[in-house]
Amino acid sequence: MSENSFELNVDTGGTFTDCLTKDSEGNILRRKVLSNGSIRGSIIHWKNKLELKIQEQWKLEKDILAGYAFQLLNQKHPDIKLASFDPDEKILKLDKPLPEDLEGFKGGFELRTGEEAPVLAARLISECSLLEKIPVHKIRLGSTKGTNALLERKGSGTVFFVTKGFKDLLQIRYQQRSNIFARNIQKPIPLYKKVIEVNERIDAEGKIIEGIDLNDLKLKITALRREPHFDSAAVALLNSYKNPDHENILESILRETGFQFVSISSKLSSLIKYIPRAETTVVNAYLDTIIQNYLDNISEKIHVKDFFVMNSAGGLVRKGKFHPKDSLLSGPAGGVVGAAAIGKLAGYNKIISFDMGGTSTDVSRISEKFDYSFELEVGDAKIFSPALSIETVAAGGGSICYYDGFKLSVGPDSARAYPGPACYGAGGPLTITDINLLSGRLDPKQFGIPVFPDESLKRVNELIDEIFSRTGVRRKMEDLIDGFLQIANELMAGAIRKVSVSKGYKPADHVLVAFGGAGGMHASAIADLLHINTILLPRDAGLLSAYGISMARIERIAEKQVLLPYSKVIGELPAYFHELDELAMTMIMEEGADKNNAIIRERYAYLRFIGQDSALEIPYSSEEDLKLSFKREYTQIYGHWSENEEIEIESLRVISSSLEEKETKSPDLFDESYPEPKYNIPSYSRGK
């Protein structure tokens, strides 16, 4: 198999990494590994102190595991590696025996290479040992690495450069309180470790009022380099979107003094609004080392020219041109693209994608075209970044189920890949996966790793005892299971309402495309809550995000800020869009796309009434239809129309797209012998 070559499509989630691969002969191969870079099995019995009979689902035909680190789940012992593996007899041989107190242990274990999860998946698919080169010629990668680092506050040490007088910009922000009745106000902790004010000033028209003080700046940066733990720099100066000269000077100085990771606001977002532009820059800097090191770790093991990363807008970007700010919905965007493809194959154009994974659930609404958002909120940060309109809720298979002293709760904390749910056997907490296992919804034989129902039962009984000790009432296990399922379902249905009902659309008018490792187990209940009558269940539902990544195309977005009344812009829009078309095509050719094999896929104008903060996205076909389309969309969402209010065009955007990837289905992935993938859903009844 070593002479074969592979195209790797990978989605790395919080719990599992999904890999859908096509070899040089056109065969489709699949793998799931844990996102901590491990595979697992369970011990049946010991032949001797070094050899053990195991049960696994690795699908290996030869021994490639020599040198992998061996670890018993939830046990501590010295470092042990594998000497060999017999795939026919399912015998593992260790390089040295376990401590005497663990000899004869029966339970779960895991194997690791110390590499990133996509690399491990590629090794398993290509059956390459640690000493062999992995034969991959193209990588398409989606990941929630950046999202998790941002939410968990595990980014790099960042210094923030800002115009003098705006030191507290991102602490004051909009002067809004998330909870106006809270007595003890808890302000979000800034992502940056230090802020440095820069003596400079540019006015609202881009005119330099006060030149940048180079001597003062160099002294501050020189002193900064003597301090440890600053890996990246974020630069956001006032009105730099009009004139970036001072930011460019500062970038040059920072790079000259040794900063490798420098984020410049005028290059990341050339639009007005200082706060989100500054936040965007800080988030990009905060994630820069994490994302780049992650991509470099993969590149060191898999040497390819064509390494593409999925961005939040559902398009592919070459690794060298990828910005960390665009990674926050990278993996979920793959799921939306995959769901749209499934809907198209089944003949539906109004779709709600329902992606329930191990850590969270991601939902989106698709009506013939993707719904985009250009201001993205993740955790405490609100940033400028083109993204598919996706709502994420912390209700996945790994979401922790607990009693908070007053009520049952699900999430937002997750057991993640390690220790994972209790049934993984690594000492994890009770989760939705455990609840599904105990309710009979989850078949252990169909799960990708060994599961231990006794561990789930143990955690439920502990919870029953905890509730009894606090309330004096002993609850039945069936009631707890049913309660947790209802809570999780309501959380996920609420997320779907946000992308549909809150925008003026009825969920019942859509088809629910359910996927992700846990989507099929909850789809019927979700559909019942939302009065949806049809569900599409892809054959490879657990790998649909990776499939969507395989279907994605190289895309770039060009934008122009207008901020002029509609009446003053009419007549100039064709010229504006022509300018953006040229820019978008230039950008996509820089990504390696052929001009003859690329198109302008979408043109959008963003309109609002003068004085409003938010604009509506209106597809542009002609000037004549623009105002009418805006009126129709505005009335659909808000239920009224202001005839005498003046309309403003906030901005224009153009999306260019390659045509390299044909929108065809793989006969192995979607077998045409399957019946039409739609099912009428009966009313969901608890206990049935």
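This is a predicted model: local features need pLDDT of at least 70, side-chain atom pairs count only at pLDDT 80 or more; totals for chains, interfaces and linings use all residues.

Student: Why is α1 called roughly parallel to α7?

Tutor: The axes of helix α1 (residues 117–126) and helix α7 (residues 274–301) cross at roughly 25°. Angles under 35 degrees count as roughly parallel, so α1 is roughly parallel to α7. The two axes come within 9 Å.

Student: Which residues make that contact?

Tutor: Pro 118, Val 119 and Arg 123 come from α1, and Tyr 294, Ile 298 and Lys 301 from α7. By class, the contact has 4 nonpolar, no polar and 2 charged residues.

Student: What makes the pair of Phe 630 and Trp 641 edge-to-face?

Tutor: Their ring centres are 5.6 Å apart, and pairing requires centres within 6.5 Å. The planes stand at 70°, and over 60 counts as edge-to-face, so the pair takes that label. Phe 630 belongs to helix α16 (residues 623–638), while Trp 641 is in the loop between α16 and β31 (647–658). Both rings also belong to one aromatic cluster with Phe 609, Tyr 634 and Tyr 638.

Student: How do you know that Phe 630 is buried?

Tutor: Its relative accessibility is 0%. Buried means under 20%, so Phe 630 counts as buried.

Student: Why is the pair of Tyr 424 and Phe 447 called tilted?

Tutor: The angle between the planes is 55°. Tyr 424 lies in the loop between β25 (408–414) and α9 (432–438), and Phe 447 in the loop between α9 and α10 (453–471), so the pair ties together parts 23 residues apart in sequence. Both residues are buried.

Student: What is said of phi at Glu 127 and Leu 563?

Tutor: Phi of Glu 127 is near 55°, a positive value in a residue other than glycine. Leu 563 also has phi near 55°. Most residues other than glycine have a negative phi.

Student: Are these two residues buried, partly exposed or exposed?

Tutor: Glu 127, in the loop between α1 and β10 (136–143), has a relative accessible area of 6%. That is under 20%, so Glu 127 is buried. Leu 563, in strand β28 (residues 555–565), is at 26%. This value lies between 20% and 50%, so Leu 563 is partly exposed.

Definitions and conventions
Residues are numbered from 1 along each chain as its sequence is written. Side-chain values use heavy atoms; hydrogens and water are left out. Axes are lines fitted to C-alpha atoms, for helices over the stretch in contact, and angles run from 0 to 180 degrees between N-to-C directions. Helices (H or I, at least four residues) and strands (E, at least two) are DSSP runs, numbered from the N terminus. Angles under 35 degrees count as roughly parallel, over 145 as roughly antiparallel, 65 to 115 as roughly perpendicular and the rest as oblique. Contact means heavy atoms within 4.5 Å. Ala, Val, Leu, Ile, Met, Phe, Trp, Tyr, Cys and Pro count as nonpolar, Asp, Glu, Lys and Arg as charged, and the others, Gly among them, as polar. Rings of Phe, Tyr and Trp (its six-membered ring) pair if their centres lie within 6.5 Å; planes under 30 degrees apart count as stacked, over 60 as edge-to-face and the rest as tilted. Buried means under 20% relative accessible area, exposed over 50%, partly exposed in between (1.4 Å probe, protein chains only).
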